[in-house]
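The following note accompanies the model under review.

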Amino acid sequence: MSDSSPAPADIPVLDVWCELQCPDCRTALDDVRALRARYGDRLELRLRHFPLEKHKHSFAAAQAAEEALAQGRGWPYVEAVLGRVEELDRQGEPFLVEVARELGLDAEEFDTALIDGRHILIVDADQAEGKAIGVTGTPTYVIGGERLDGGKSQEGLRERVEEIADRLLAERDV
């Protein structure tokens, strides 16, 4: 998921493999916000879906995030859901629709999207790609061909992402 148009080839891309029912992903949200603030449009941040079986609402949440993107509010929706993972745990899909309504999105369309599964292929493709490159948990970051596993620890990950992004940007500017 990316709210921007495709990045030019010379813009570094940070894929954030995430699951919207994951408490570790909620913790990582501060790092993602800091990276977005620091780099702006010089770094493309893409949310990649990696729903985990242990969280029964994660697959629906990933589909809901794609519907939010389709309605132009992908990242605000992701941030709102991640900020309230306990409510998602308790309420499930009705909570996903409620968050859409709170953000002024078309809640009826969210409900329909969750029923008709129009975003399933995107979520399935992300999950399959994640497995193919060795993602086993969330959050996991991939930048410049390097995979950083944030599911074990967030310690030092933002700094490592910044080192790689700065290097990629410097190489681009040479």
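Is aspartate 31 buried or exposed? Point 2 gives the answer, after a remark on the basis of the note.

1. This is a predicted model, in which local features need pLDDT of at least 70 and side-chain atom pairs count only at pLDDT 80 or more, while totals for chains, interfaces and linings use all residues. Residues are numbered from 1 along each chain as its sequence is written, and side-chain values use heavy atoms, with hydrogens and water left out.

2. Aspartate 31 is buried, at a relative accessible area of 15%; buried denotes under 20% relative accessible area, exposed over 50%, and partly exposed the range in between (1.4 Å probe, protein chains only). The residue is found in helix α1; helices (H or I, at least four residues) and strands (E, at least two) are DSSP runs numbered from the N terminus. Beyond residues up to four places away in sequence, aspartate 31 touches Gln154 and Arg158, contact being heavy atoms within 4.5 Å. With arginine 158 there is a polar contact between the two side chains, at 3.4 Å. A polar contact is a pair of N or O atoms within 3.5 Å; within protein, one must be able to donate a hydrogen and the other to accept it, and residues adjacent in sequence count only if both atoms are side-chain atoms.

3. Strand β1 (residues 13-18) has five of its six residues buried. β1 runs parallel to strand β2 (residues 44-49), joined to β2 by six bridges; pairing requires at least two DSSP bridges between two strands. Valine 16 has leucine 47 as its bridge partner in β2. The chain passes from β1 to β2 through helix α1 (residues 23-39), in a right-handed β-α-β crossover, that is, clockwise from the first strand over the helix to the second with the strands pointing away from the viewer.

4. Strand β3 (residues 140-143) pairs with β1 in the antiparallel sense over four bridges. In β3, threonine 140 is the bridge partner of tryptophan 17.

5. Valine 13, in strand β1, is partly exposed, with a relative accessible area of 24%. Its contacts, leaving aside neighbours within four places in sequence, include Leu43, Glu44 and Val142.

6. The largest nonpolar core has 45 residues, of which Leu14, Tyr77, Leu96 and Tyr141 touch the most other members. Such a core is a set of buried Ala, Val, Leu, Ile, Met, Phe, Trp, Tyr and Cys residues joined through side-chain atoms within 4.5 Å. Apart from this core lies another, of five residues, including Trp17 and Val142.
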